[in-house]
Amino acid sequence: MYKILRKKELNPTVTQMEILAPMVARKARPGQFIILRVNEEGERIPLTVAGTNAREGSVKIIFQIVGATTQLLNAKQEGEFIQDFVGPLGVATHTEGIRKVCIVGGGVGCAIAMPVAQEFHRLGAEVTSIIGFRSKDLLILEDEFRACSDRLVVMTDDGSYARHGNVTLPLKEMLEAGDRFDMIITIGPLIMMKFVTLTAKPFGVPVTVSMNPIMIDGTGMCGGCRLTLIRDGKRVTKFACVDGPDFNGYEVDFDEAMSRGRMYFDFERRAHEEACNLLKGAK
Amino acid sequence: MALNPKKHEMPSQAPEVRAHNFSEVALGYTAEIAVAEAQRCLNCKNRPCVAGCPVNIAIPDFIGKMKTGDFEGAYQIISQSSALPAVCGRVCPQESQCESKCTLGVKFEPVGIGRLERFAADWHNEHSTEAPRLPEQNGHKVAVVGAGPSGLTCAGDLARKGYKVSIFEALHTAGGVLVYGIPEFRLPKAIVAKEVEGLKALGVDVETNVVIGKTLTIDELFEDGYEAVFVGSGAGLPNFMNIPGESYKGVYSANEFLTRSNLMKAYRDDPVTPIMKGGKVAVVGGGNVAMDAARTALRLGAEHVYIVYRRSMEELPARKEEVEHAIEEGIDFRLLQNPVEVLGYNNPENPRDPKNGFVTGLRCIRMELGEPDAKGRRRPVPIPGSEFVLDVDTVIIAIGTSPNPLIKSTTKGLEVNSHGGIIVNEDGLTSREGVYAGGDAVTGAATVISAMGAGKVAAKGIDEYLMGKQQVNK
């Protein structure tokens, strides 16, 4: 059992928790993820590590309340326990040789992008961060990004805060103005990562994307997280849990990944509604 | 009394009933049948059955106890050699092991050794209240990676010799393939849990949620004071066929399909982990895993389930009893057929059509058997122009696995073969001092009992290694 040390609402749909898991805290690097089960009968869900405190032995997770499981997780309070918490899984984000980096985060993906930005900042790289949200009330982690970025651009889709528009807009301007990043790292919705990749392509800047497909074990056993890379014209199957979650954006078959991500759409919507009703009843 | 030429039949649920539930298919002998079956053993002098058992259970001795109704005595003899008797009695391919060597089998059906083993183990689990005698501790610490059949066996053997053993398991439940892979109707999970409890009673620690290679490395285990490590991390990445359409929604690896149903309990009415239920299902492959996936799909409510296998019934590698059960339950065997493409729905008019990307069929080609390959198995050859489409909604691929890369990639000096399997010598020792390995992590996908045999060999190797070191140090 793993204790919830602290819990904080970042916005009405996104929650941050710090979980006591010393073995994971000691090892986790930016870009890696954990898998948790809320209770004995629970489903296993992957969440990317949003930070660690090795001294305290805690791991920070940030999640969006989207389905039944994240709803159950959000119903847990400080001092309570979650059943299982395993990791760190996946390969950490590569930082070697990158002196000038652009981090592009979208929505709750910013929670995963943040520790990556912090790591580059710690390593002395020049960090540009572009973070985008649907609207002002969904904004998270602005102060944290400001603290670790040499340059920060905040975007909202509806213009309710900061600059109006998609994250690709300032990215394109920077690339056109001659900014030469060693790497663009993008984390967020698949459709956003696809368009960040397409935006960068004419400028020949490498793009790393962080994939977050459906997973069960997270250790390379089930194959549910498979995705297709198109490498030299050939289709190659990779597993996000052991080969990723970071991949070369130019190789990922985003359309297939988006389709696979909707496999259990109906099931999840029903489960989400049931969990809503259940939690409403309990209150 | 005249010798009964046939094994006593195993009481089982009727096929038409069991095809719709997840309860165990075979119900087990009664005490009366067990004694009668034991009487068939000739107690012959050269005991060929013992050599046929990968863990060398003293088979005629335990059967001898059963003849007199001393079932606990029989269990005690089995448990000297096997850490998981109730499991082996259910999942071992006895027809190609102990029973294939039975002297009685020359003229008649062999003794039902597996069924007797199962009875003795179940009898013990139901009746014995005796706490196991805790072995005297020898002060040595050993780590076991993976709580599957090889790891549990290795841990059990070492614990009985007085070692302090800790098992590290990546998943949230101990048992490995016994819990995520083999379905409830073939091996009830309560039986696995009971066997794990038995090990804990011997002083074995089981730490779940620890991924060796990630949470901790093998080198860190040595730093933590473990003097030897056994790696039984099992098979890893599922193999796919590399044919077009394998990414359509509704294509599963057997590992994923079975894990969803078994470990995550997706077979229940109110699952929290989803699985595709109903419709028509094609399972590709002919091993035990393929049989398990097909029969699970049927129980989940599939209208029709095919097994698509590229060779003929004769080459089908699954355990004979499982194939018979599958046929009785109505699984449709499509032999000498091989998939060439998974077909999916694509509405060119509407890219947002919710049906887009779901499986609609499996294109296959008919095969014939050609010349024998290096292993002596006749190679299947496609018959040109014989392609056809099976109308299915779900495709489950059960064509084996490749070893998991996590441990190899984080352990310096651990040598692997071209397939990624860890290389070991006849004592189970790897290329690293003090590191032993066995089971699917070494051989690639194989059987529960062969993994147990490897766990046993390694336990002996570890014992000799550490006792030898102790001698030198004295």
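Student: At what angle do the axes of helix H4 (residues 59-67) of chain B and helix H5 (residues 71-81) of chain B cross?
Tutor: This is a predicted model, where local features need pLDDT of at least 70, side-chain atom pairs count only at pLDDT 80 or more, and totals for chains, interfaces and linings use all residues. Residues are numbered from 1 along each chain as written, chains are lettered from A and ligands numbered from 1 in the order written, and side-chain values use heavy atoms, without hydrogens and water. Axes are lines fitted to C-alpha atoms, for helices over the stretch in contact, with angles from 0 to 180 degrees between N-to-C directions. The two axes come within 7 Å and cross at roughly 170°.

Student: Is H4(B) roughly parallel or roughly antiparallel to H5(B)?
Tutor: Angles under 35 degrees count as roughly parallel, over 145 as roughly antiparallel, 65 to 115 as roughly perpendicular and the rest as oblique. The crossing is roughly 170°. That makes H4(B) to H5(B) roughly antiparallel.

Student: Which residues of H5(B) meet H4(B)?
Tutor: Contact means heavy atoms within 4.5 Å. From H4(B) come Asp61(B), Phe62(B), Lys65(B) and Met66(B). Their partners in H5(B) are Phe71(B), Gly73(B), Ala74(B), Ile77(B) and Ile78(B).

Student: Why is strand S5 (residues 58-64) of chain A largely enclosed by the rest of the structure?
Tutor: Buried means under 20% relative accessible area, exposed over 50%, partly exposed in between (1.4 Å probe, protein chains only). S5(A) is largely enclosed because its buried residues number five of the seven.

Student: How many bridges pair strand S2 (residues 14-20) of chain A with S5(A)?
Tutor: Strands pair if DSSP finds at least two bridges between them. Gln16(A) stands opposite Ile62(A) in S5(A). The sense is antiparallel, and the bridges number seven.

Student: Which residue in S5(A) is the bridge partner of Thr52(A)?
Tutor: Strand S4 (residues 45-53) of chain A runs antiparallel to S5(A), joined by four bridges. Thr52(A) has as its partner in S5(A) Val59(A).

Student: Is Glu119(A) buried or exposed?
Tutor: Glu119(A) forms a salt bridge with Arg122(A), at 3.1 Å between the closest N and O atoms. A salt bridge is a side-chain nitrogen of Lys or Arg within 4 Å of a carboxyl oxygen of Asp or Glu. Arg122(A), at 57% relative accessibility, is exposed. Glu119(A), at 10%, is buried.

Student: How many residues apart in sequence are the parts that Asp179(A) and Arg151(A) tie together?
Tutor: Their side chains meet in a salt bridge of 3.2 Å, N to O. Asp179(A) lies in the loop between helix H5 (168-176) and strand S12 (183-187) of chain A, and Arg151(A) in strand S10 (residues 151-156) of chain A, so the separation is 28 residues.

Note on methods
Helix = DSSP H or I, 4+ residues; strand = E, 2+ residues; numbered from the N terminus.
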